[in-house]
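Hi,

Here is the structure I said I'd pass on to you. Have a look at it first, and my notes on what turned up follow below.

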Amino acid sequence: MGQWCFLDPVAVLRAGDPLLPRCGGPTCHSDVVRLLVVEDEVGMAAALAKGLRAEGFVVDVEGTGPGGLEAARFGGYDAVLLDVMLPGISGYTVVRTLREERNWVPVLMLSAKDGEYDQADGLDYGADDYLTKPFSFVVLLARLRALLRRDPVPRATVLEAAGVRLDPASRRVEADGAAVDLSRREYLVLEHLLRAHPAVVTKESLLDEVWGAPEEAGANVVEVYVGYLRRKLGRTRIETVRGVGYRLRR
Ligand code: CA
């Protein structure tokens, strides 16, 4: 089970991960991709930093929640790998605080918990993705590259359907004229439904567009997030098309 042993950078380098596209997406505006690792377990942090540096990333490490938050605020990182259980404040609080400050740096949470609700919690606080420890370094790289490939620049056309209005420039969302606070994932799911309207969006395409690595995300994570959206926007705006996916009401 070598691949699933915790973090073996040597094995990763040997594998060369030929199926994974190299970073070349819109966030890769220079040759340097800067990562912040927030992890209090010294051995884990060192192994992560070593493996990621071997892949060509520039890596900084912080060992506490407050230190990670400050670094993420001001460090200009392309992505943050964020442990959940940290000294000071939790990773959940770090990511929630960043999102409240309208900081959209991609965040990949490294969770030691493995309950579905814990993971959904992390996403609801604004993380972009999560991995449950122990994880494969190859999978970590794939998830990280998927995050880095995403276009961070919102397309500035206001989208409207079913009484919902979404302004990508300000990320403001309104339902019947009242502002609605959405987590980043909820926002992305809604944005895809709005862009497709009145067409149906399949679960697979939502997984692909919002989670980036459909084969890795849990199959029911889309249902969980549609449920969150219905709670915030009203139950009737998003229709389930059984066996196909979802669409916004006409
Ligand atoms: Ca920890």
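Let's start with contacts, where two residues count as touching if their C-beta atoms, placed from the backbone, lie within 7 Å. Among contacts in the chain between residues at least 6 apart in sequence, 61% join residues at least 24 apart.

Two things to keep in mind: this is a predicted model, in which local features need pLDDT of at least 70 and side-chain atom pairs count only at pLDDT 80 or more, while totals for chains, interfaces and linings use all residues. Numbering starts from 1 along each chain as its sequence is written.

The chain has 9 helices and 12 strands; these are DSSP runs numbered from the N terminus (helices are H or I, at least four residues; strands are E, at least two). Of its 250 residues, 34% are buried. Buried means that 20 or more other C-beta atoms lie within 10 Å of a residue's own (12 or fewer is exposed, in between is partly exposed), with C-beta atoms placed from the backbone.

Next, the sheet. It is open, with 5 strands in the order β2-β1-β3-β4-β5 and parallel pairing; two strands pair if DSSP finds at least two bridges between them. At the edges sit β2 (58-62) and β5 (129-132), each pairing on one side only. Between β3 and β4, which run parallel, there are 4 bridges, and leucine 82 stands opposite methionine 109 in β4. Helix α6 packs on the sheet and touches β3, β4 and β5. The direction of α6 makes about 175° with that of β5 (axes are lines fitted to C-alpha atoms, for helices over the stretch in contact, and angles run from 0 to 180 degrees between N-to-C directions).

Now the cores. A nonpolar core is a set of buried Ala, Val, Leu, Ile, Met, Phe, Trp, Tyr and Cys residues joined through C-beta atoms within 7 Å. The largest has 34 residues, and those touching the most other members are Leu35, Ala79, Val80, Leu81, Leu82 and Leu108. Elements that each supply at least two of its residues include β1 (34-38), β3 (79-83) and α6 (137-149). A second, separate core of 23 residues includes Leu193, Val210, Leu229 and Leu248.

Finally, leucine 194, in helix α7 (residues 184-196). Is leucine 194 buried or exposed? It counts as buried because it has 20 C-beta neighbours inside 10 Å. Leaving out residues up to four places away in sequence, leucine 194 touches Leu159, Ala161, Val164, Leu166 and Leu248.

Cheers
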